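Have the model open and follow along.

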Amino acid sequence: MAFTSMMGARVTRREDPRLITGRSTYVDDVKLAGMTYAAFARSPFAHARIVRVDVSAAQAAPGVLAVFTADDLRDVGDVPTAPQIEGLKVPKHPPLARGRVAHVGEPVVAVVASTPEEANDAAELVDVEYEELPAVVDLERALKGAPYVHDEFGTNVAYTMEVNSGDVEAAFANAAVTVSERLLNQRVAPVSIEPRGMVAHWEPGPAHLTLWSSTQIPHLLRTQMALALKVPEQRVRTIAPDVGGGFGSKLDVYAEEITAAFASRALGRPVKYVETRSESFMSTVHGRDQIDFIDVAAQRDGRITGLKVEILANLGAYHQLLTPAIPTLTLLMVPGAYDLQSVSVKLHGLFTTEAPTDAYRGAGRPEATFLIERAIDLVAAKLALDPAEVRRRNLIRKEQFPYASAMGLTYDSGDYHAALEKALRIAGYDTLRKEQARARDEGRLFGIGLSSYVEVCGMGPSSALPAPGWGSATVRVEPTGGVTVMTGASPHGQGEETTFAQMVAERLGVPIDDVVVLHGDSAVVQYGIGTFGSRSTAVDGAALYNALETVREKALKIAAHQMEANVGDLEFKNGKISVKGNPEKSMSTAEVAFAAFRGVNLPADVEPGLEATRRFEPPNFVYPFGTHVCVVEIERATGAVKVVKYVAVDDCGNVINPMIVEGQVHGGIAQGLAQALYEEIVYDENGQLATGSLLQYTVPHANQVPNYELDRTVTPTDVNPMGIKGVGEAGTIGATPAVVNAVVDALAPFGVVNVDMPCKPERIWRIVNGHDGKANGKAAVS
Amino acid sequence: MKHSISVTVNGAKWTGEVEPRTLLVYFLRDTLGLTGTHVGCDTSSCGACTVLLDGRSVKSCTLLAVQADGASVTTIEGIGDAEHLHPVQSAFWEEHGLQCGYCTPGMIVSACDLLQRNPDPTEDEIRAAISGNLCRCTGYQNIVKAVQHAAAAMRAAKPARERVGAPAD
């Protein structure tokens, strides 16, 4: 794609004026006449049998219009799950608990009242008698056997998956050294600042059900609502209005959405429900939560020859939309950016009495990157080699692309060494190592961490996903020359209203102000798969590119006919279609659009109108990559980690708007760093949630994160016509191991080779002050 | 039993009755329809609901509407509209200081509060001043840049005579 003024430009965002002035419309801002409000009585126990449900007091409470239990919803479908994995155990998952509950916060009874306060007050009056059952919170014990989350399965193992490639046993038999580690990838919460919300409105009319939802997938939600409520899909309209962040947590279909729609049908009135933050921590999906056992075989020079991984993945109590599929992405990306063909991986997906896990920014790939990047540093430490050098010796070389990975993937394009060297140069790596030596002489704890990641995104080929993976776009040149785009992406902060307008301005030669990009309303936009997996620009953007090509071809035909020229003699130039070598003879896009609209004097084989809808089925995933360098200093007295430098060199192929790309990387790094240093969802031994609010769950503030120095390398992909890879998740995937590797490096004088996340002050203080139960400590550093 | 209050919001006086338990944020959103002020938590942690009360930033989820009786409230809608953007709003736009936009109104109000107290803040002062506001999208870097950008623009725009007695820039 030719890059002119619009492509690659730092165009300020077209979505911002409504957002910076408070004139946006998030789902909680939707107001309808006769609105009613839902509240949920939720399980206080991790695991229990429901003995009796008494809703009489709630029904009699002021303002209450209706109370619903599982009995009322008996004809409604389960909360849906998509993955088709061989042997997968799928527990029943009714929207309101039927007979038993399996995690704290599971909805049991829904109350609908005239005001939110009345609904909440009445929900408190719901009286449920529970018979407590044993909680299942320890993954290693869950794997071994009883107690079971779902007794009907006689196991907590939802599925097992195994991949063996190359000759792993020979690699270990011939290894000069081996290292082994148990790596904890703790459970975290996505915490979009807008909680989940919905308004369901059932009424006679073309759409029987209109559902406004803070969703990333309005069309998939529509299909699933139609199935769950047994209403014809053409009678369901879903609208994702402005959505306040998602990070994967809104890539789902939730019990509350099904229940609210059911309640609206029963009452004949609109029903609104917006979760509180406390409810969000209990019942919106969490992310990560794996224990990964790794064994690495290496040669003396640091070349890794074999890798064995056993993944224990915590799926939680039920399968949400993609729950069981997420850890399979870990499995696929275990070798990371390294030329490593002898790999064996065994994955156990395990039920626990905790909230379901599902996609959270990176979704399975951060876990893979974490384990392989820790593995590289463990090998470097064992052999007393520089971790940068170990990466150099193992990274896939640029002449090896397209690269067939041990896990059966084909990495599209890359120059991993170039990104590594650029990051080292910008960070001043050699100088940093000298500074570290000085710091250690002074007794200061100074660490440098690297992470050379590759990730799989641009979800993706339909054949490789549990849902369709194509993109869609409609381009309509209006009679007066403006352009309306309808995209199947559902952006909620990613800025496609701007980047897609840039593409239109570039390809059709119209001013960007003449372009509007619509999304998120199933009554307006052709079916779209939504925004997740860093797919919007790489997949829906490619569909837009193709739709623009179709429009251009038609415009050329019409212009040729009207100007009595040959199509081959025409070109798009300076916003016009002109005869080559005779720029005087031209038509503007607007003139061509009007001619197409007017329907007079068109070529015989051309229909009126200047509009095209195209879909794009990607032939492969895309594989962004890069190297992050993190430098930390640890305060001995408190164990607090301060990030003093952070350099990220990312490669997401060609870029439409660098400003937006940088913003994605900034936010991604912050979330990856937050997992490394601050955040963890904690369930106690009874399955009670100990981090149930933003007071206990420590999303970092502005003064807890550093500035990021960003740069890029540019290695286009041939997977889509623009050569673009995704960038939404790369920062998160790269950051976590870079930060942890830096912390471990700072603590190396204590003989430390691994620190469990989050690397919080208490944990580090114990190491530094010899209270970690090991024999190291102060004595290790003079 | 309802209480009668009188409050000036974005320059317009409102007098009427509110439930004693109604939080200021719900009064603004539900009674006055000023939905630019958002709710992101239930523990006064996230700052999405930040407004100015008699010129100082407050979390409107932490005050009852009755506590605003007699006070003047400025919400994001009163900071500026699309045709008359406040320099802080313009700076957030120009520096890409927002993505999903949900935290943005509260973040802008907090920045306004800082800049009227401290027209030339250091980066640390900016980060401390917005540390009551959570953003999950931006990693804060562009928000900090936006506040610096706004501070410079506001200092440049302010006639010198108004700065007599203010710290030297």
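This is a predicted model: local features need pLDDT of at least 70, side-chain atom pairs count only at pLDDT 80 or more; totals for chains, interfaces and linings use all residues.

You'll find A:N601 in the loop between α16 (589-598) and β25 (611-616) of chain A. Its phi is positive, about 65 degrees, although A:N601 is not a glycine. That's worth a second look, since most residues other than glycine have a negative phi.

Now jump to A:F247, another non-glycine with a positive phi, this one about 60 degrees. A:F247 belongs to the loop between β11 (236-239) and α7 (255-267) of chain A. Is A:F247 buried or exposed? With 29 other C-beta atoms within 10 Å, A:F247 is buried, because 20 or more is enough for that label.

A:F247 leads us to A:Y360, since the contacts of A:Y360 beyond four places in sequence include A:F247, along with A:V188, A:P190, A:G248, A:S249, A:G287 and A:R288. A:Y360 sits in the loop between β15 (343-351) and α10 (365-383) of chain A, and is buried, with 28 other C-beta atoms within 10 Å. From A:Y360 to A:G731 is 371 residues in sequence but 13 Å in space, C-alpha to C-alpha.

Last stop, the peptide bonds. Most peptide bonds are trans. The one from A:A146 to A:P147 is cis, with omega near 0 degrees, and A:P147 falls in the loop between α4 (139-144) and β7 (157-165) of chain A. The bond from A:M757 to A:P758 is also cis, with omega near -10 degrees; look for A:P758 in the loop between α18 (730-746) and α19 (761-768) of chain A.

Methods:
Residues are numbered from 1 along each chain as its sequence is written. Chains are lettered from A and ligands numbered from 1 in the order in which they are written. Helices (H or I, at least four residues) and strands (E, at least two) are DSSP runs, numbered from the N terminus. A residue is buried if 20 or more other C-beta atoms lie within 10 Å of its own, exposed if 12 or fewer, and partly exposed in between; C-beta atoms are placed from the backbone. Two residues are in contact if their C-beta atoms, placed from the backbone, lie within 7 Å.
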